[in-house]
Amino acid sequence: MMDYSQPQRLPSIALLRVFLRVIRAILSNLWPLLILYVLRLNRRAEESSGDDNFVYVIYGVLILTVLNALVRYFTFRWQIDGDALVIRHGVIRKVDLRIPFERIQSIDLQQPWYYQIGKAARFVVDTAGSKSSEAEIWALKMTEAEALRSYIHDKKAEIDSEVVMETTDQVRASEPTEREWIRVDISTLIKIGLFRNHLRSIAAFIGGAFYLYSQLQEFLEADEINSKIAEVAEGVPMVLSIFVILAVLVVVAAILFSVVVTIFRFFGFTIVERNGALVARYGLTSVKTRQLRPKKIQILRTEQGPVFKALKILKFKIEQAYAEKVRNREDFSIPGSPQQMVVDLRTRIFGELPKMTHTGASFKWFWYRVTRLGLLPLIVPIGVGFYLEDPIWLLVFAWLLFQAGYSYLLWRNQGVAIDDKVLAVRKQVIFDRRAVMQLSRVQAVEIQSSWFQRNRGLCTLKIETAGGAVSMPFLHKEDAEKLANYLLYKSETAKLDWM
Amino acid sequence: MFQNISIDIDQLPKSEEVDFHKVSPKYKKVQLIITTLIALVIGAIGATGALGMDGLMVYGWYGTGGLLILFFLLRTLFIQKAYPWKGYVLREKDVIYRTGLIWRKVVIIPFARIQHGELTEGILDRIFGLKKLRIYTAGGSSSDLSIPALPKERAEQLRRYLMNRVIEEAEEEQVEDKSMLLEE
């Protein structure tokens, strides 16, 4: 068995990975230059002239990339130091990474095809922290990798063995329980499909409409050739009517497509609580089953527009603790569910929410937002319009009015609700968007203040969890500091397993 | 026994009333060298491009040169002015770091929420005997923390202390979890 307390080097098979990474880096970073180089080669073959600058740049980058990879390979050392995995590498930029066993979420042994031949594996440690790709031993012999994984698992298990035993006993002792929290029936799915935001699918269908229009043009042109009069008198209305028909077709097709996709994707959607875990099951042709661990739920976000409000449908998204690169996979959302069921589920996770009040954000936020988003972007269009002396440029002020109205509603409708367990934040203009989190999930608090804010005794409070963040802009400094201190107090005194 | 003691928010520890440790004064020198190098490289490229030019084109290069000097002066000024505010402090339960000049920010991370720590050093850092401490939290990179220009020994001492506190906090969590399970 290896002596893990001593720094260990990478086996020579890791060089394979080093060079494959080099090739991948070259292809992903240098492809525009490579294309130019190839084109240049062709041209040079024709003209027999040109300089070699491109070649030098490519060779330069190639040499630097290879050197960098080799340096990393030769300086890479890993070891176990106490209850932590330590990884060091680099010469110009030295990296010294230390991962306590307690923070290791999982260890993956990954075998690309070339490692399978050499019976080696990548040792990838997931800590749910960002930049998790750094936490990787590029190559270990398979047997050594398995031994190291077992060693770390054993050490980790030693630390929390008593808790694991207690938990297992509890699970065994208790009878299996099951409760259905959410069930989305077919009629609700049709409503969701009909009234959800169709802008994206309409954009996709516009491409198809343009193709259709280009096909119809031949037909139009044939008509026009037949009669010069029809070209002038009827041609224009005909083109317009084609546009109208196409627009209607696009919208109808997009909505139908949306309904069909929604039904196929979320058919039979249920969330059932089974022995403490929330299990979601959905899909028509390919049925997906996903398990949500309540202790991993960091933030629950809901969204409701006026139409969904009338239909009593609420869109929700559960944000879990994730490593940066698996963010999308870990977050969980459905475009809509019966409102009362979502509220019940939210109450199950977070308890009853306290009453929403205004965040206390200063009205200066309104002026700041109108200036930044409404006025500043208009400087160039106004300048151009004034220069052209065409009154149509006055239309740009519509944007200013829109931003003013939007900013006012955003300022007026924002809300916050806090008690000793949860924090809920609301933002609303047309859509009512809310985020709820447990205070014990807070993992960082950030107070930001620009020069403008500082001069007015204001700041923005940003609250981070492992699943996402919520921010409260333009709070009075004293209020923000009080809230930050309270959140830290709740987070630092919460001794529950937080992710 | 169940307790529900009321909390006086005004009595909570105030994160805004702590004395910050500044990062090493060598930070200013390192940044000044980096600024000079950037200006020199851009200036050298510009000067090479301007060779053989005449007429109005040359004035364009004068303008670019002027902007470069302005960039150099402004960045130097920013570094000098921002330095006194840049600092960190360790409390019993968390680490606080503040930075920025026009946009200032104060980040506070409880020890129990730290995932892992990393020390890095570039060439200039090594020449000046400095290291950068990076603290990773779970989730996205937005709540990660990076404290630059720490003297080598201080950086290693800080990292060791932080990691020990992370382990202690995790062990406390385990004990608390166990007692909660037993209570249930």
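In which strand of chain A is A:Gln304 found? In this predicted model, A:Gln304 belongs to strand β11 of chain A, which covers residues 297-304.

Chain A has 16 helices and 19 strands, and 41% of its 499 residues count as buried. Its accessible surface comes to about 27200 Å², with 61% of that area belonging to carbon and sulfur atoms. Among contacts between residues at least 6 apart in sequence, 59% join residues at least 24 apart.

A:Gln304 counts as buried because its relative accessibility is 11%, under the 20% limit for that class. A polar atom of the A:Gln304 side chain lies 3.0 Å from the backbone oxygen of A:Ile313. Once neighbours within four places in sequence are left aside, A:Gln304 is in contact with A:Lys309, A:Ile313, A:Leu314, A:Gln339, A:Ile430, A:Phe431 and A:Asp432.

A nonpolar patch on the surface, with about 730 Å² of accessible area together, is formed by A:Ile186, A:Ile190, A:Leu194, A:Phe195, A:Val260, A:Phe264, A:Phe267, A:Leu284 and A:Val307. Helices α5 (186-195) and α8 (235-266) of chain A each supply at least two of the patch residues, and α5(A) gives the most, with 4 residues. A:Val260, one of the patch residues, lies in helix α8 of chain A, and it counts as partly exposed because its relative accessibility is 44%.

The two residues described individually are set out below.

| Residue | Relative accessibility | Class |
|---|---|---|
| A:Gln304 | 11% | buried |
| A:Val260 | 44% | partly exposed |

Technical notes
Residues are numbered from 1 along each chain as its sequence is written. Chains are lettered from A and ligands numbered from 1 in the order in which they are written. This is a predicted model: local features need pLDDT of at least 70, side-chain atom pairs count only at pLDDT 80 or more; totals for chains, interfaces and linings use all residues. Side-chain values use heavy atoms; hydrogens and water are left out. Patches are made of residues with over 30% relative accessible area and no salt bridge: like charges are joined within 9 Å, nonpolar side chains (Val, Leu, Ile, Met, Phe, Trp, Tyr) within 5 Å. Accessible areas come from the Shrake-Rupley method with a 1.4 Å probe; for residues, only the protein chains shown count as cover. A salt bridge is a side-chain nitrogen of Lys or Arg within 4 Å of a carboxyl oxygen of Asp or Glu. Buried means under 20% relative accessible area, exposed over 50%, partly exposed in between (1.4 Å probe, protein chains only). A polar contact is a pair of N or O atoms within 3.5 Å; within protein, one must be able to donate a hydrogen and the other to accept it, and residues adjacent in sequence count only if both atoms are side-chain atoms. Contact means heavy atoms within 4.5 Å.
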